[in-house]
Amino acid sequence: MAWTRKVLRINLTNGSIAEEPLNMDWAMQYLGQRGLGTKYLSEEIDPKCDALGPDNKMIMITGPLTGTMASTGGRYSVVTKSPLTGTIACSNSGGFIGNEIKCAGWDMIIFEGKSPKPVYLYLENDKAQLLPADEMWGKSVWETDEIIHKKHQDPLIRVACVGRSAEEGCLYAAIVNDLHRAAGRSGVGTVMASKNLKAVAVRGTLGVGNIKDPMGFLKATNEGKQVLKDNAVTGEGLPQLGTQVLMNVINEVGAMPTKNMQDVQFEGSSKISGEAMHEPRESDGKANLTTNAGCFACTIACGRISTIDQGHFTVENKPEYWGNSGGLEYEAAWALGSDTMVDDLDALTYANFLCNEDGMDPISFGSTVAAAMELFEMGVITKEQTDGMELKFGSAEALAWCAEVTAKGEGFGKDLGLGSKRLCEKYGHPDLSMTVKGQEFPAYDPRGIQGMGLTYATSNRGACHLRGYTVSSEILGIPEKTDPLSTEGKPELVKAFQDATAAVDSAGICVFTTFAWTLEDIAPQIDAACEGEWTSESLMEMGERIWNMERDFNIAAGITGDMDTLPKRLLKDAAKTGPAKGKVNNLDEMLPKYYEVRGWTQDGVPTDETRARLGL
């Protein structure tokens, strides 16, 4: 089966804790993690509810392959309604806590209501307790993790918690597990803090069993691992350079969003790239990168562990940041670097440390800082608002200061914690917010990669690359090469990537496997692990079902088809340099066809026929 068939329900309002059986009819339709979590949420809350009110719920959920020997089988997701976008939110994380939840005997944990005082959940197999978290409230992620481990005297406990940014209402606060892995996007940490839930601490010793065909599963997973090992991206590029392998590649093709997406190439990209992280510093002779690292069961190990020069201005009097910790991934390096035009690698690493330490999405944070810098350049934001700090593009000092005040929710940090949409609206220039449905763009300019423009515009959680990573095809040629500057065939391509990704996100494995794997590699693993029959075709249909279910949730929440758009800058202002010079994103050529291939109306609503076909 691979499922434990057990759900833990926590009512934070009255403190009750109950076990209930997993709805296996839903599991057979939606598998787990993203799909199954969204099904539960859709059935249990009003999509119009206040995301930060007690009527919203928060679900921590694993997939059927979580905790198994499947490569990268350590994932879990947090599903809730987003306070940043008002849409469905599903944020995926690696590390080790997903496995720990599964090994404690649970498929998911549902949190409902709001605790009258700060608490944390301590879960040891079937023993679940809500314990006081007063001493942790007002503490960072790193401090909270230490307090819990000291209190319970078990180094193998896995902790997921929120930092001060979430407590202070930062709308893109993350839930950080294992110190530097995160359910990072859409403000899921803000929801957790709004419930006065500081942390979830888990110790699981039961293991994961219930595999339908153990020998078949062993064979399928071993074959999958060999495919990952033999692939140039998953076997070489990601282990060596991490996701930062993309920095110079994306810059060269003219799709590097720069200066709040005013430009598409960044002169300083080579200074903050994966290659640069390997180079010894002139100051101390040491490299920024200490080692790579893998999450539970991962055979790729794309994670970065970094160390900042102790003499760097950001940490010279702060020995607490002299140790190694989670380093820059590509998205963080872009948002903190290219978008703000800061090319100081250690300054970016410091800002990234603070995002980990206090639980902030570095994509939304960096993009919001870039918007603030443009407003400062225009004279709309002044030193009066910023406590005398000059928010100039390229200023490492300004970036570090912004990270510090946002993490603590102090002064102008409160404005930065609004996200770029609300920040730009507050200061009278909403067009300067580089967002879709209120969520900030990732690191691919849609003028240089046309399919990503359609991906961003139609993403169910706001701008997101991980809902349909057409960069694989348009830039890397995986599974086949398409022209990034052409709109031809992109509606079909985007739909295919979106549906396949929804299936992968529901399985308990990492989407990075799909640089090498197709659903033909994944289906045999699920089929051997889970009851029922699972093929690449049935997974693709399930992915389409999940996508349409998410769309229905958003429609019920008031998210309409006219929100499937991009900022005017990307539709009107042509790229100035690179292969895409003179081009804008031609969303208007792709969106109507996308609705058609989706089986939606011209307003972007799934038709009755589509719903019936998918069993919705």
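Are Tyr321 and Tyr350 buried or exposed? Both Tyr321 and Tyr350 are buried (under 20% relative accessible area, where exposed means over 50% and partly exposed lies in between, with a 1.4 Å probe and protein chains only). The model is predicted, so that local features need pLDDT of at least 70 and side-chain atom pairs count only at pLDDT 80 or more, while totals for chains, interfaces and linings use all residues. Residues are numbered from 1 along each chain as its sequence is written, and side-chain values use heavy atoms, with hydrogens and water left out.

**View 1. The aromatic pair of Trp26 and Tyr40.** Rings of Phe, Tyr and Trp (its six-membered ring) pair if their centres lie within 6.5 Å, and planes under 30 degrees apart count as stacked, over 60 as edge-to-face and the rest as tilted; the count comes to 13 aromatic pairs. Trp26 and Tyr40 are edge-to-face because their ring centres lie 5.0 Å apart with the planes at 85°. As Trp26 belongs to helix α1 (residues 24-30) and Tyr40 to helix α2 (residues 33-44), the pair ties together parts that are 14 residues apart in sequence; helices are DSSP runs (H or I, at least four residues) and strands likewise (E, at least two), numbered from the N terminus. Tyr40 is buried, at a relative accessible area of 3%.

**View 2. The aromatic pair of Tyr321 and Tyr350.** This edge-to-face pair has 5.5 Å centre to centre and 85° between the planes. Tyr321 lies in the loop between β14 (303-306) and β15 (325-326), and Tyr350 in helix α12 (residues 345-358), so the pair ties together parts that are 29 residues apart in sequence.

**View 3. An aromatic cluster.** Tyr330, Tyr444, Tyr469, Phe512 and Phe515 form one cluster.
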